[in-house]
Amino acid sequence: MNGRSAQRLAKLQEALASGGTLHLRDAAELCDVSEMTIRRDLTTQPTAMTLLGGRLVMANYPGVTPIYDLTEQQASHYQAKYRLCQRVLAFIEEGDTLFIDCGSTLIPLLSQLSHFRELTVVTYALNVANAVAALPNMRLVLLGGLFYAASQSFGSDNMAAAIERLGINKALISAAGVDLERGVSCFHFHEVAPKQAAIATAMQRLLVVDASKFGVVRPAYFAALDDFDVVVTDEEGAPQLLEGHGRDVPAVTVA
């Protein structure tokens, strides 16, 4: 562990030793660094602390339940997500229509699409749409509805039907949890319908997850592992976990 990072984490853990929480801003002031540095310490070093809703808490703090924060998710495991997206790029062909899921995992992919001469991107995520809209030679299909700020995404009763009317070559699906018994899950129930419709419609289905998602179950189940053709992940341990389970699983590619 980096020495300065370890010292900062030790100081923060001492501040939380008596219980309670510590706002990220106050944690940064306590350590005399930026908030991003504290986020990086928490996501790159082993620690008993976690960041929930902009506050540091001990992982065993009573009553703590996971809260999805897109900003926190974007900072979490960023380098791993970047490598995953580089690997996903190899599956994309000129002229493809891509379904790109919401969340933070696939965001690093978007800037890498600019060298294609023709692509169509279908998404229900505002952050994805904003990035794609700035790219040349890109056709964007933004699926609208009620806006959910936590995940920067839209939901509507007719979104699944809209997706099923499209010709999608590749569905790039992200997830917050992947469990061999309980399947693939996410935090938000409004994401289930578009994910399932894209999986059902696409010619090829890719699940893109870093290895930290394995062994995790989130509230909204949306698919079984064998609904996917390929799992793109980032560590040798995850493919070994899948292949050693003794059941049919998708092809696994490691970034």
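**View 1. Strand 10 pairs with strand 11.** Three bridges join strand 10 to strand 11 (residues 183-186), and the two run antiparallel. Glycine 177 sits opposite serine 185 of strand 11. Strands are DSSP runs of E, at least two residues long; helices are runs of H or I, at least four residues long; both are numbered from the N terminus. Two strands count as paired if DSSP finds at least two bridges between them. The model is a predicted one: local features need pLDDT of at least 70, side-chain atom pairs count only at pLDDT 80 or more, and totals for chains, interfaces and linings use all residues. Residues are numbered from 1 along each chain as its sequence is written, and side-chain values use heavy atoms, with hydrogens and water left out.

View 2. Contact means heavy atoms within 4.5 Å.

**View 3. Cysteines without disulfides.** A disulfide is a covalent bond between the sulfur atoms of two cysteines. Here it is taken as a pair of cysteine sulfur atoms within 2.5 Å. The count by this rule is zero. Cysteine 186 is in no disulfide; its nearest cysteine sulfur, that of cysteine 102, is 7.3 Å away. Cysteine 186 is buried, at 3% relative accessibility. Cysteine 31 also counts as buried, at 10%. Buried means under 20% relative accessible area, exposed over 50%, and partly exposed in between (1.4 Å probe, protein chains only).

**View 4. Threonine 105 in its loop.** Threonine 105 belongs to the loop between strand 4 (97-100) and helix 6 (107-110). Its relative accessibility is 5%, so threonine 105 counts as buried. Leaving aside residues up to four places away in sequence, threonine 105 touches Lys81, Leu84, Cys85, Ser174 and Val208.

View 5. Alanine 134 is exposed because its relative accessible area is 64%. Serine 114 lies 20 residues from alanine 134 along the chain; their C-alpha atoms are separated by 9.4 Å.
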